[in-house]
Amino acid sequence: MPFLHFRPSSTTKFYAYKCHYFDVVLERPSCTLSLTLVVSHLYSATSIQGSDVDRSDAFSRHSRATDAADSDISDAKPVRIIHVVGARPNFMKAAPVLRALRRFPEVRQALVHTGQHYDANMSGVFFAELGMPEPELNLQVGSGSHAQQTAAIMTRFEPIVLETRPDMVLVYGDVNSTVAAALVCAKLLIPLAHVEAGLRSFDRTMPEEINRVVTDQLADLLLTPSIDGNENLQREGVPECRIHFVGNVMIDTLVQLLPKAQSQLPDELPPQYALITMHRPSNVDDSTFLRELLQTLDEISREIPVIFPMHPRTRQRLAELGLSFSCAARMRLTEPLPYLQFLALQTRATMVITDSGGIQEETTYLGVPCLTVRENTERPVTVTIGTNVLVGRNMVRLGDEVKRILKGGRSPSGVPPLWDGHAAERVAAAVVNWQPSR
Ligand code: UD1
């Protein structure tokens, strides 16, 4: 079994850790990166005295050793891939890709968690449910301003890339972890693949839109979930040969786990309910709008019971403003839910009211009416093909749409092309067949 070696530069000690996927040698970058890097499956922390070892030599030595060990499996040159995840919506996208790439014997994979999301119910719980290996490394960046968070990820990820020189780094979605890792790779000339490329809200007040635009400009391989993604990238001048329409990897996870999710439905679920999520800065950081939104949700709860798993950002804002919900039985507030429970609740919901990107997609696949509290969406197929309706920040419109759904008014729905449960297989094929010269 290959090893991951972790080398503090300030001393000559070496730490050997068991690594699931491929061999890397990591130097402790500086005292700013604490030695709390979490390496799962700790094999040993044997202190080895010795002089500095040339990093590339050490790496190739490990590669050669692995080649020999694996020669019965494959003669192909190992392809070493790092996946970077950091925030809740990344996990369900990376899980099927990790699984699909495991089918290629030449591929060695490592998972780096930036630690952008760190609460157990925003991160840890997903790994077990999604059947994902524990990350090899957790950079533990935590919260901060956008600049602080992005910079911390870059500072802590750069030495890993420098030491390991992976053949490709895969980033997911549009969170700060995505763009931070992309910037590191671009500057170190490490090939970068972006899963969920090409989505555009055309609203640069959204931090995620900045992350999308920058990441797509830097990526060598752009894997799009829907055809509008291809069109956006072409318009921005991305060479055609870099763009691959693969479909929606998040739907792969949904398709795989839907049967299991059905068994996770809570007892005593009302026959009808509205499921709410709300966390966008544009909604919850604006105190005037947040008050209006809460009042509208309170009114909606008089017509239909509401279940509201609350994002930590939203909970913090409510606390800062001294606002609270009436915790009547008709308004059920919970902590953020694990994936399976939340998916189960979506399948039975009469409607979902959200500002999340991923939930617009999941409800589209499930055919559940979705009311999106945003002026725009980077996922227009959920409106043109799916059940999604953009109500903007117009709370009268939100109330009207709720009434329309309660009267049985359902829009026609469909599933966009290649949202078929096999997108990750297409991602894996594109990654393995990628040629640097193209
Ligand atoms: C991030 C993503 C967003 C994604 C969302 C899903 C960016 C720019 N935004 O937004 O695209 O839809 O995740 O959740 O990357 N916090 C906790 N515990 C945690 C994580 C966060 O308490 O485990 C708190 C932090 O203190 C922070 C706030 O929540 O103040 C926001 O976290 P942050 O990662 O900055 O962005 P999100 O709003 O979660």
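**Helix packing and cores**

Author: Happy to! Helix H8 (residues 249-262) packs against helix H12 (residues 339-348) at an angle of about 85 degrees, and their axes are 9 Å apart. Angles of 65 to 115 degrees count as roughly perpendicular, so H8 is roughly perpendicular to H12. Keep in mind that this is a predicted model.

Reader: Thanks. Which residues in H8 and H12 meet?

Author: From H8 there are Met250, Thr253, Leu254, Leu257, Leu258, Lys260, Ala261 and Gln262. They meet Tyr339, Leu340, Leu343, Ala344 and Thr347 in H12.

Reader: And how does that contact divide into nonpolar, polar and charged?

Author: The contact of H8 with H12 has nine nonpolar residues, three polar and one charged.

Reader: Let's switch to H2 and H3. At what angle do they pack?

Author: Helix H2 (residues 88-101) and helix H3 (residues 120-129) pack at about 15 degrees, with 9 Å between their axes. Angles under 35 degrees count as roughly parallel, and H2 and H3 are therefore roughly parallel to each other.

Reader: Is the crossing of H2 and H3 left-handed or right-handed?

Author: H2 passes H3 in a right-handed crossing.

Reader: New topic: how many residues are in the largest nonpolar core?

Author: That core has 57 residues, and those with the most contacts inside it are Leu101, Leu130, Met132, Leu170, Tyr339 and Val427. H2 gives the most to this core, with eight residues. As background, nonpolar side chains tend to be buried together in soluble globular proteins.

Reader: Which residues is methionine 132 in contact with, leaving aside neighbours within four places in sequence?

Author: Methionine 132 is in contact with Phe91, Ala94, Ala95, Leu98, Leu111 and Phe127. There is also a second, separate core of 27 residues, which includes Val84, Ala182, Val184 and Cys185.

Reader: Zooming out, how many helices and strands does the chain have, and what share of its residues counts as buried?

Author: The chain has 16 helices and 16 strands. Of its 438 residues, 58% count as buried.

Reader: Last one: among contacts between residues at least 6 apart in sequence, what percentage join residues at least 24 apart?

Author: For this chain, 69% of those contacts join residues at least 24 apart.

Conventions:
Residues numbered from 1 in each chain as written. Predicted model: local features only at pLDDT ≥ 70, side-chain atom pairs only at ≥ 80, totals over all residues. Heavy atoms only, no water. Axes fitted to C-alpha atoms, helices over the stretch in contact; angles between N-to-C directions. Helix = DSSP H or I, 4+ residues; strand = E, 2+ residues; numbered from the N terminus. Parallel < 35°, antiparallel > 145°, perpendicular 65-115°, else oblique. Left-handed = near helix turned anticlockwise from the far one by under 90°. Core = buried A, V, L, I, M, F, W, Y, C linked by side-chain atoms within 4.5 Å. Buried < 20%, exposed > 50% of the residue type's maximum accessible area, 1.4 Å probe, protein only. Contact = heavy atoms within 4.5 Å. Nonpolar A, V, L, I, M, F, W, Y, C, P; charged D, E, K, R; others polar.
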